[in-house]
Amino acid sequence: MEECISVFDMLKIGVGPSSSHTLGPWRGAERFLNELREENILSKVIRIKVDLFGSLSLTGKGHATDLAVMLGLTGADPEYIPIDSIDKTISEIRKNKQLHLAGERMIPFDMDTDIVFNKNFLPFHSNGFTFTAYTPDGEYESTFYSIGGGFVVKEERTNAAKKEIIKCAFPFPIQNAVELLDYTVKENKSISEIVYENEKSMRTEENIHNELIRVWNTMLECMYIGCHSEGILPGGLNVRRRAFDMHQNLIGLANYSNPQEWLETIRKTEVKFRQILKWVSCFALAVNEVNASLGRVVTAPTNGSAGVIPAVLMYYMVIENHQAGEKEIKQFLMVAGEIGSIFKKGATISAAMGGCQAEIGVSSAMAAGALCELMGGSPAQVLMAAEIAMEHHLGMTCDPIGGLVQIPCIERNTMGAIKAINAAELALETDPKNAKVPLDKVINTMWETAKDMNTKYKETSEGGLAISVNMADC
């Protein structure tokens, strides 16, 4: 049986700036609390130490990994925590040197000494982190790995029963693009219809509908907030938000009071080619500026690449199809999620493992394929669109200046979105019989490229722009 990856695994709601460096460690902290409960030692804990290894250590502060593990240890849920409460919680921990463990009891916690940044890499994965709980009776230690997109695993998967839970009960188990295409031919269904049948094996139709719309509403709200927020992004690079000014120049004087009214207003604006480019870029910038500010975003498939899919879906809704609604939103998200899952199974969605090709490249492929289906593309054309988008991101390195998900990450989302639209259009104008590079081959090539890539270009801030441009230059 093959591994089941749901659309909702690929499109998670969480807090920025990074799915692998923020959301993953946060979820790891939650799992550690559950382990302490299972061992009946949570109430006995007198101290907790956190060790961050490899990439989590090298770019951890820039990605707020230290803040994420503290918030996770308080029992806060990244999907629902009030964003405006984050700064207050962190400030209290820093000031009082105490942490409200699991929201149940206070323990001493000094973030300067109880969070240790270890530059050495653990063998299993470059994003390793270990929690150690101290009790009067001894110690309890547990190591996790954040493997990209908010996914967290342990090296020793010894519990067969738990392992079976993630094994496939899908009617159409999919490991690669060839299998997906075969199902669409045999069943005479679109890719989104195949994905929907799989999702129905896990959830009710009502739940699928509600959760997909909640994902979209989170994306829409994120774009809305980003387009209406000005100022400087946190972190020390003094990066000025650009979505606000770009949005003002595009929309001019307009009256609206919520994200949906805003969407309808944009539908009435001028749609010349330059304006379209600016709108798509504005949507992507908005999302990733919110992400850089520890705002709420949807990993798609990661936080660092969270702007591509919302920008392309918004493009379809406000430029291509003014009648588009919930049906098209769900269709787009299901196709995008499935393409992302194929990349995760065949390669990686972690920049710490594969460079930025694993984030922006994958998100662009997801968006390209999803847009292609909405524009009337056949399943073969959908997969071709995804292949084209990734093909032109191969080898892209991850080199965040100062370890922050800002430069060049924010702009890369705009480029990934534009490439996705272009890839979809190219695929729509191409007979799949004439395609030379199958999607599975480009996924394999991406993985081989990732393995050959120098470690300093994999989210370590030890190469590329990260060392060519330093904090002082900013």
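Helix 18 gives the most to the lining of the largest cavity, with three residues. Helices here, like strands, are DSSP runs (H or I over at least four residues for helices, E over at least two for strands), numbered from the N terminus. Before going further, keep in mind that this is a predicted model, where local features need pLDDT of at least 70 and side-chain atom pairs count only at pLDDT 80 or more, while totals for chains, interfaces and linings use all residues. Residues are numbered from 1 along each chain as its sequence is written, and side-chain values use heavy atoms, with hydrogens and water left out.

Back to that cavity. On a 1 Å grid over the protein atoms alone, a cavity is a set of points where a 1.4 Å probe fits but cannot get out; a pocket is an open set with protein on both sides within 12 Å along at least five of seven lines, and lining residues have an atom within 4 Å of a point. Grid points are joined across faces, edges and corners, and a volume is the space filled by probe spheres set on the points. How many cavities of 30 Å³ or more does this rule give? The count comes to two. The largest cavity has a volume of about 160 Å³. Its lining has 21 residues, with Gly304, Glu359, Cys398, Val405 and Cys409 nearest the centre. By class, that lining holds ten nonpolar, seven polar and four charged residues; Ala, Val, Leu, Ile, Met, Phe, Trp, Tyr, Cys and Pro count as nonpolar, Asp, Glu, Lys and Arg as charged, and the others, Gly among them, as polar.

Now look at what helix 18 packs against. Two packed helices are described by the angle between their axes and the distance between the axes. Axes are lines fitted to C-alpha atoms, for helices over the stretch in contact, and angles run from 0 to 180 degrees between N-to-C directions. Helix 16 (residues 360-374) meets helix 18 (residues 409-428) at an angle of about 40°, and their axes are 8 Å apart. Helix 16 and helix 18 are therefore oblique to each other; under 35 degrees counts as roughly parallel, over 145 as roughly antiparallel, 65 to 115 as roughly perpendicular and the rest as oblique. The contact (heavy atoms within 4.5 Å) involves residues including Ser364, Ala367 and Ala368 of helix 16 and Gly416, Ala420 and Ala423 of helix 18. Sorted by class, it has eleven nonpolar, three polar and two charged residues.

Helix 12 (residues 273-292) also packs on helix 18, at an angle of about 140° and with the axes 8 Å apart. That makes helix 12 oblique to helix 18. Among the residues that meet are Leu277, Val280 and Ala284 in helix 12 and Ile410, Ala417 and Ile418 in helix 18. This contact divides into nine nonpolar, four polar and one charged. Both Asn413 and Ile421 of helix 18 take part in the contact with helix 16 and in the one with helix 12.

Over to the other end of the numbering. The second largest cavity has a volume of about 30 Å³, and its lining includes Val15, Gly16, Trp26, Ala64, Leu67 and Leu294. Helix 4 gives the most to this lining, with three residues. How does the lining divide by class? There are seven nonpolar, two polar and no charged residues.

Ala64, Leu67 and Leu294 come up again in the second largest pocket, where they are among the residues closest to the centre, along with Lys61 and Asp66. This pocket has a volume of about 470 Å³. Helix 5 supplies the largest share of the lining, four residues. Helix 4 (65-73) and helix 5 (86-96) pack at about 90°, and they are therefore roughly perpendicular to each other. Their contact includes Leu67 and Leu71 of helix 4 and Ile90 and Ile93 of helix 5.

A few backbone details are left. Most residues other than glycine have a negative phi, and most peptide bonds are trans. Gly16 and Pro17 are joined by a cis peptide bond, with omega about 10°, and Pro17 sits in the loop between strand 1 (12-15) and helix 2. The bond from Ile407 to Pro408 is cis too, with omega near 0°; Pro408 is in the loop between helix 17 (379-391) and helix 18. Asn188, not a glycine, has a positive phi of about 55°.
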